[in-house]
Amino acid sequence: MKLEHTYTFDIPRDVVWKLIQNEEVLKKSIPGCKSFAQMDDGIYQAEMGVSVGPVKGVFTGQVQQVDQREPSSYRLLVRGKGLPGEIDAVADMRLDEVGQGTQLTCSTEVQVTGVLASVGQRVMGGVAKMVLGQFFKSVDKEMKQLATHSE
């Protein structure tokens with residue numbers, strides 16, 4: 001399943017680059033995040049609860065950042081397991097300057113198993129879009145708070 005999500009921040013690209021990789025920003029922004037901790041350089045262990053329609057459960061997994069080209073792009077490798085099934089995803093993150101802000105484009109290729117696969121691509125696509133939308137809104141809010149405090 002392929003997904004693409006675009007979000008525009010009213011924050012300069014170099015600030016978005018730095019904060020989109022900040023452990024605290026991510027922990028507070030991932031919907032249903034129960035834990036998020038850096039294990040190695042660019043590798044994070046995460047646990048999140050999901051409850052959207054037929055997709056319910058706690059997922060534990062690993063997120064790894066690779067192919068970083070500061071401040072314009074990086075790739076996320078995501079592997080997660082939970083009672084509803086397994087998720088294996090590759091997300092290409094691109095940051096482009098737009099006016100005074102930054103447009104982040106997330107292009108994702110996702111493979112799922114178990115209940116997740118049985119609910120169908122349309123339902124999973126809707127769940128994924130909702131989770132991504134919540135994530136980027138939360139990241140934006142966290143970034144604005146940090147940017148305000150650092151001035």
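Is Phe36 buried or exposed? Phe36 is buried, with a relative accessible area of 5%, where buried means under 20% relative accessible area, exposed over 50% and partly exposed in between (1.4 Å probe, protein chains only). The structure is a predicted model, in which local features need pLDDT of at least 70, side-chain atom pairs count only at pLDDT 80 or more, and totals for chains, interfaces and linings use all residues. Residues are numbered from 1 along each chain as its sequence is written, and side-chain values use heavy atoms, with hydrogens and water left out. Helices (H or I, at least four residues) and strands (E, at least two) are DSSP runs numbered from the N terminus.

**Aromatic pairs**

- Rings of Phe, Tyr and Trp (its six-membered ring) pair if their centres lie within 6.5 Å; planes under 30 degrees apart count as stacked, over 60 as edge-to-face and the rest as tilted. The count under this rule is 5 aromatic pairs.
- Trp17 and Tyr74 form an edge-to-face pair, because their ring centres are 5.5 Å apart and their planes stand at 85°. This pair links distant parts of the chain, with Trp17 in helix H1 (residues 13-19) and Tyr74 in strand E5 (residues 73-82), 57 residues apart.
- Trp17 is buried at 7% relative accessible area, and Tyr74 is buried at 3%.
- Phe36 and Tyr44 form a stacked pair, since their ring centres are 4.9 Å apart and their planes are at 20°. Tyr44 is buried, with a relative accessible area of 5%.
- Tyr7, Phe9, Phe135 and Phe136 are linked by ring pairs into a cluster.

**Nonpolar cores**

- A nonpolar core is a set of buried Ala, Val, Leu, Ile, Met, Phe, Trp, Tyr and Cys residues joined through side-chain atoms within 4.5 Å. In soluble globular proteins, nonpolar side chains tend to be buried together.
- The largest nonpolar core contains 26 residues, and those with the most contacts inside it are Phe9, Met93, Leu104, Phe136 and Met143.
- Elements that contribute two or more residues to this core are strand E1 (2-9), H1, helix H2 (23-29), strand E3 (43-52), E5, strand E6 (85-98), E7 and helix H4 (121-149). H4 supplies the largest share of this core, 5 residues.
- Contact means heavy atoms within 4.5 Å. Leaving aside residues up to four places away in sequence, Phe9 touches Val16, Gly101, Thr102, Leu104, Phe136, Val139, Asp140 and Met143.
- A second, separate core has 13 residues, including Val110, Val119, Met124 and Val131.

**Salt bridges**

- A salt bridge is a side-chain nitrogen of Lys or Arg within 4 Å of a carboxyl oxygen of Asp or Glu. Side chains of opposite charge can pair when their charged atoms come close. The whole structure holds 6 salt bridges.
- Lys2 and Glu109 are joined by a salt bridge with an N to O distance of 2.9 Å. The two residues come from distant parts of the chain, Lys2 from strand E1 and Glu109 from strand E7, 107 residues apart. Lys2 is exposed at 68% relative accessibility, whereas Glu109 is partly exposed at 33%.
- Asp92 and Arg75 form a salt bridge whose closest N and O atoms are 2.7 Å apart. Because Asp92 lies in strand E6 and Arg75 in strand E5, the pair ties together parts 17 residues apart in sequence. Asp92 is partly exposed at 30% relative accessibility, and Arg75 is partly exposed at 30%.
- Lys144 and Asp140 meet in a salt bridge of 3.4 Å, N to O. Both residues lie in helix H4, 4 residues apart, about one turn of the helix. Lys144 is partly exposed at 36% relative accessible area, while Asp140 is buried at 7%.

**Thr108 in strand E7**

- Thr108 belongs to strand E7 (residues 101-112) and is buried at 12% relative accessibility.
- Apart from residues up to four places away in sequence, Thr108 touches Met1, Lys2, Leu3, Ala89, Val90 and Ala91.

**Cysteines**

- A disulfide is a pair of cysteine sulfur atoms within 2.5 Å, and the structure holds 0 disulfides.
- Cys33 is in no disulfide, and the nearest cysteine sulfur, that of Cys106, lies 17 Å away. Cys33 is partly exposed at 23% relative accessibility.
- Cys106 is likewise in no disulfide, and Cys106 is buried at 3% relative accessibility.
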